[in-house]
Amino acid sequence: MLDYKYIKQNTQEVIDNLKQRGFELDINLISEIDVKRASLQKELEALQSARNKSSKEIGILKSQGKDVTETLKQVSDFGDRIKELKDNLEIIKTEFLNYLLTIPNLLDKTVPYGKTEDDNKLIRTWGEIPKFDFQVKDHVELGEIGQGIDFKSAAKLSGSRFVVLRNRVAKLHRALAQFMLDLHCNEHGYEEVSVPLLVNLEMLEGTGQLPKFKEDQFYTNLNNQEYGLIPTAEVPLTNLVRDSILSSKDLPLKFASHSSCFRSEAGSYGKDTKGMIRLHQFEKVELVHICRKEDSFDELEKLIKNAEKVLQLLKLPYKVIALCSGDIGFGAAKTYDIEVWVPSQNKYREISSCSNCGDFQARRMLARYKDLSDSKDTQLLHTLNGSGLAVGRALVAVLENYQNSDGSINVPEILQPYMNGKTVI
């Protein structure tokens, strides 16, 4: 969420920045709501002052033996109007907050301008695209050969866009997740965290999934309490610092979590309907950084390098791109995507998105810190998140890039200890 004071003091700058995203800031609506709020607040304060004055007069009049009937009625009338004003003020504040929650984050000045993914900027590539002397199979065909990817059973159990993994493919999937966690926690200094898969809706609002992406969430209800299934472990991990004041000496915090994730994919009809690229339920190893504002862009560079290391050790070719203004996510100030090579599609596909959200999420969550140099003032934390990596998509990349002509799969060297030493499945 943006700071309204900043919007008010830098209106044209904010309008121009958001236009790069294709978002039109309704400054007239904001001004209208703010004028109503200020008017109600002014009247409320005047009535509260008048009531206090009349209340004091009652004591004086009583001490003088005078009739206080009219003054008591006046105080009562003040009370009724004050209650009405407070109720109206809450309505206005809620309306104001609800609009602020729909405004995306401001873009960092280094974000390239563009309208679609075609305008994203290539930062670097790594690895050589493999050459095959046979007709490559996609991961669906490879999974069918070894009976390791079972969409038919998944459709019977749950419907479309679900998958059942079996036998050695299931083990390879688990090996990938374990390898990622070990790398990030043992070598990159992350704290491993196991998180709930159901969260209060306030948590989804805190990280920006609500209200913007309401249709993309799955929900459930227990004892009249509504919960959301997490679309990513970013939601519970980032909300760990909700309503907190941290000390700068304890920053940065770095969390890693392997979890199932759930997305309705409401806006992706017709996209990637075949295979494991876009499922309703999938697994990710999520990385979250919580830091001081001065450090957030340095932390973004560290975050993307940590995610890249997974693909380097798996020896999978990839590229890193900086998302342009028209393709960047709602809550991000700057985003790098990592795209891994998928042979059957003859192109790179996204496997990680690493974003610096600045103080956008922290303002929603009231997540703050104190600098050691100033023990009185608090500042909003900066939050970052990224996949390290999407496990299912990593599985797709391994199956396709390491395939043999007979449909068997060479196990990447780094994963062989997790597969009981097997070199081929």
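Me: Why is Trp126 called partly exposed?
Reply: This is a predicted model, and the call rests on a value computed from it. Trp126 has a relative accessibility of 31%. Buried means under 20%, and exposed means over 50%. The value of Trp126 falls in between, so Trp126 counts as partly exposed.

Me: What makes Tyr318 buried?
Reply: Its relative accessible area is 1%. The cut-off is under 20%. Tyr318 therefore counts as buried.

Me: How many aromatic pairs are there, by the ring rule?
Reply: The count comes to seven. Trp126 and Tyr318 form one of the pairs.

Me: How do you know what kind of pair Trp126 and Tyr318 form?
Reply: The ring centres are 5.6 Å apart. Centres within 6.5 Å make a pair. The planes are at 15°, and under 30 degrees counts as stacked. The pair is therefore stacked. It also links distant parts of the chain: Trp126 is in strand E1 and Tyr318 in strand E11, 192 residues apart.

Me: What makes the pair of Phe330 and Phe360 edge-to-face?
Reply: The angle does. The planes stand at 75°, and over 60 degrees is edge-to-face. The centres are 5.7 Å apart, within the 6.5 Å limit. Phe330 lies in the loop between E11 and strand E12, while Phe360 is in helix H11, 30 residues apart. Both residues are buried.

Me: Which residues make up the cluster with Phe330 and Phe360?
Reply: Ring pairs link Phe213, Phe330 and Phe360.

Me: What makes Lys254 a charge over the ring of Tyr190?
Reply: The charged end of Lys254 sits over that ring, 4.6 Å from its centre. The distance limit is 6 Å. Arg37 does likewise with the ring of Phe96, at 5.3 Å from the centre.

Me: Why is His184 called buried?
Reply: His184 has 0% relative accessibility, so it counts as buried. The place of His184 is in helix H7, residues 167–187.

Me: What does His184 touch?
Reply: Leaving out residues up to four places away in sequence, His184 touches Gly189, Tyr190, Val285, Leu287, Asn306, Ala307, Val310 and Gly388.

Me: How do you know that the side chains of His184 and His188 make a polar contact?
Reply: The distance is 3.1 Å. A polar contact needs N or O atoms within 3.5 Å. The pair meets that limit.

Me: What makes strand E9 mostly covered?
Reply: Eight of its 10 residues are buried. E9 also has partners. Strand E10 is joined to E9 by 10 bridges, running antiparallel.

Me: What makes E1 and E4 edge strands?
Reply: First, the sheet. Eight strands form an open sheet in the order E1-E11-E12-E13-E16-E10-E9-E4, with mixed pairing. E1 and E4 each pair on one side only, which puts them at the edges. E1 pairs with E11 in the antiparallel sense over five bridges. Lys121 has Ala322 in E11 as its bridge partner.

Me: Which residues of H3 are buried, and what covers them?
Reply: Among them are Ile30, Ile33, Leu40, Leu44 and Leu47. The cover includes helices H1 and H4.

Me: What of the span of H4?
Reply: H4 has 32 residues and reaches 46 Å from its first C-alpha to its last. That is close to the 46 Å expected. Its buried residues, including Val75, Phe78, Ile82 and Phe96, pack against H1 and H3.

Me: How many helices and strands does the chain have?
Reply: There are 12 helices and 16 strands. Of the 425 residues, 48% count as buried. The C-alpha trace spans about 105 × 45 × 40 Å along its principal axes.

Key:
Residues are numbered from 1 along each chain as its sequence is written. This is a predicted model: local features need pLDDT of at least 70, side-chain atom pairs count only at pLDDT 80 or more; totals for chains, interfaces and linings use all residues. Side-chain values use heavy atoms; hydrogens and water are left out. Helices (H or I, at least four residues) and strands (E, at least two) are DSSP runs, numbered from the N terminus. Buried means under 20% relative accessible area, exposed over 50%, partly exposed in between (1.4 Å probe, protein chains only). A polar contact is a pair of N or O atoms within 3.5 Å; within protein, one must be able to donate a hydrogen and the other to accept it, and residues adjacent in sequence count only if both atoms are side-chain atoms. Contact means heavy atoms within 4.5 Å. Rings of Phe, Tyr and Trp (its six-membered ring) pair if their centres lie within 6.5 Å; planes under 30 degrees apart count as stacked, over 60 as edge-to-face and the rest as tilted. A charge sits over a ring if NZ of Lys or CZ of Arg is within 6 Å of the ring centre and within 35 degrees of the ring normal. Two strands pair if DSSP finds at least two bridges between them. The expected span of a helix is 1.5 Å times one less than its number of residues.
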